[in-house]
Amino acid sequence: MSELTVPAQAGAPAAESGLMVQAEQVHKSFGHLEVLKGIDLEVRSGEVCCLLGPSGSGKSTFLRCINHLEKINAGRIRVDGELIGYREHGGKLHELRQKEVAAQRRSIGMVFQRFNLFPHMTALENVIEAPVRVKRESKAEARERAEALLARVGLGDKMGNYPGQLSGGQQQRVAIARALAMQPKLMLFDEPTSALDPELVGEVLDVMKDLARDGMTMIVVTHEIGFAREVGDSLVFMDGGVVVEQGNPREVIANPQHDRTKAFLAKVL
Amino acid sequence: MASEEVTTVRARPEPIRAVPVRHPGRWITVAVLAVLAAMFVHVLVTNKAFNWSFMVDKMFRPPIIEGLLRGTVLMTVVAMVIGVALGVLVAIMRLSDNPILRAVGWLYTWFFRAVPRLVLLAVFGNIGILWSRIEFGVPFDTQLGQLFGIDNLQLRLFGFSSRDILTGFMAGLLGLALSEAAYMAEIVRAGIQSVDGGQTEAAQALGMSRGQLLRRVVLPQAMRVIIPPTGNETIAMLKDTSLLLYVPVSVELFFQLDAVGKRTFQIFPMYVAACLWYLFLTSILLVGQYFLERHFGKGYGPAGRARLRLRTIAAEQGGGGQGTAGV
């Protein structure tokens, strides 16, 4: 069943350190509002890192900085050892060209809260689009992998359907397949189940658990404490643009050290 | 199960047969309109100035039909094709990250929307006053020549006389197409901006370039918003070809009708003929626009979405027994 999706490089740590994501002192402001106030974070290859926190704590913004959908104001983010969005040269930072940023994003998959499937394409076309247009794969090759991916997320019989004909849970599973089709080494999930009806959350989480079991490196912004406890290798609790507490998810959830974490968990659990 | 039992056990109440609300106002309106219509028909039949037989005799003459085909129909098609293509380009310029392209795009739409079409056409029709010849080559060649001490240096690749090219049809086409591009640019820009920002983000996250993102993701979705006003623009363009009278373009419907009217001192019948021709042509376009809008509205809007959902539900129930996947 799971003969696919995890690309060769994901299993073996490519960077010598074995670190997939390294964030140092990441700052981000929107105008006068400082949303991230120095985030330090490390995610090892094959690890599932869950970002928790109240809304407005900056966790989604931080996630969007990792694939440079947001430009950071200070600090450094490295994915697989490579600096994101910039090139360091002669002690100076140079902005990367759009093309170079796009190339970096190819190996980082992202799943959005509101799915963002392309509504004018069928499920299959959604999954094939980027491998064919961006990676210049042959249509037949991309199609074969897309069909296998859609079958894996349980939508083998919905390939010809347009997103408007699918339920939220089905759409999100197509979105996951679409991201996996690029054979990323890192997957970012931005509240993937927040826009779903409660009864549809499970089917999406199941696909994500399956992915985690296969060794995909994942950063998941979520409110699903159960998922974090069961699947997470690390848990990061953010509030007010800083990391308040981090550690093993089971320990943090069972025995939070910080008052802020305690208060949050008391409300969510 | 319980609810089904209830509905089957209870008897169905008898259908409602109520006395409908009366609308006396409607009858009064009908009476007033009938009188007005009778008066209008009376004028059409009795007023000699209409000179119907003269009008019918003249309005199908070959020069008029030729003017209709070339100056009105062909001009509309070509001006719209150029206008749409250039409009998309200007719209993309206006939405570009490059501030210089943005400024040029803004300047273009500002100029061509601010000058009335009629005035623009008069200017293009008389551009021969400015240059007798239009030539392509190295710019400022004579001035550069003087700088190096060469008299009357001319580095021209090719050129043509304004009188040959930039009169009549070409001048009219240029005026209409350039002005149309400015309006189309605004329509396309609104269309592009109507596409959810999440679409751009999703495409970016997949590593698509800006060009791919526009071509494959944004523009196809923007079409739904762009097509209906483009239909309106086409209809407006067809009517605006009558402004070519001021370029002037002689092989054109209104020019020809106007000429016949002035030559024969039967101005009014010829203007009525113009009304009838334009009514006929725009009606054809209106029918086309109806089908175009119906096609592009598919799957969108409350009605379209409901239709799509019904079809899905029907398909799932027809497929049978997939219970758990239910919507």
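This is a predicted model: local features need pLDDT of at least 70, side-chain atom pairs count only at pLDDT 80 or more; totals for chains, interfaces and linings use all residues.
Me: How do you know which chains line the largest cavity?

Reply: The lining includes Gly109(A), Phe112(A) and Arg178(A) from chain A, and Ala202(B), Ala205(B) and Leu206(B) from chain B. At least two lining residues each come from β8 (108-111) and α6 (168-180) of chain A and from α10 of chain B. By type, the lining divides into eight nonpolar residues, one polar and one charged.

Me: Why is the pair Asp196(B) and Arg114(A) called a salt bridge?

Reply: The side chains of Asp196(B) and Arg114(A) meet at 3.4 Å, N to O, and the cut-off for a Lys or Arg nitrogen and an Asp or Glu oxygen is within 4 Å, so the pair qualifies. Across the interface of chain B and chain A the rule finds three salt bridges.

Me: What makes up the contact between chain B and chain A, and how much area is buried?

Reply: The contact takes 23 residues from chain B and 29 residues from chain A. Between them the two chains bury about 2300 Å², with 52% of it on carbon and sulfur atoms. In chain B, the residues that lose the most area to chain A are Ala205(B), Leu206(B) and Arg216(B), which together account for 27% of what that side buries.

Terms used
Residues are numbered from 1 along each chain as its sequence is written. Chains are lettered from A and ligands numbered from 1 in the order in which they are written. Side-chain values use heavy atoms; hydrogens and water are left out. Contact means heavy atoms within 4.5 Å. Buried area is the accessible area (1.4 Å probe) that two parts lose on being put together, summed over both. On a 1 Å grid over the protein atoms alone, a cavity is a set of points where a 1.4 Å probe fits but cannot get out, and a pocket is an open set with protein on both sides within 12 Å along at least five of seven lines; lining residues have an atom within 4 Å of a point. Helices (H or I, at least four residues) and strands (E, at least two) are DSSP runs, numbered from the N terminus. Ala, Val, Leu, Ile, Met, Phe, Trp, Tyr, Cys and Pro count as nonpolar, Asp, Glu, Lys and Arg as charged, and the others, Gly among them, as polar.
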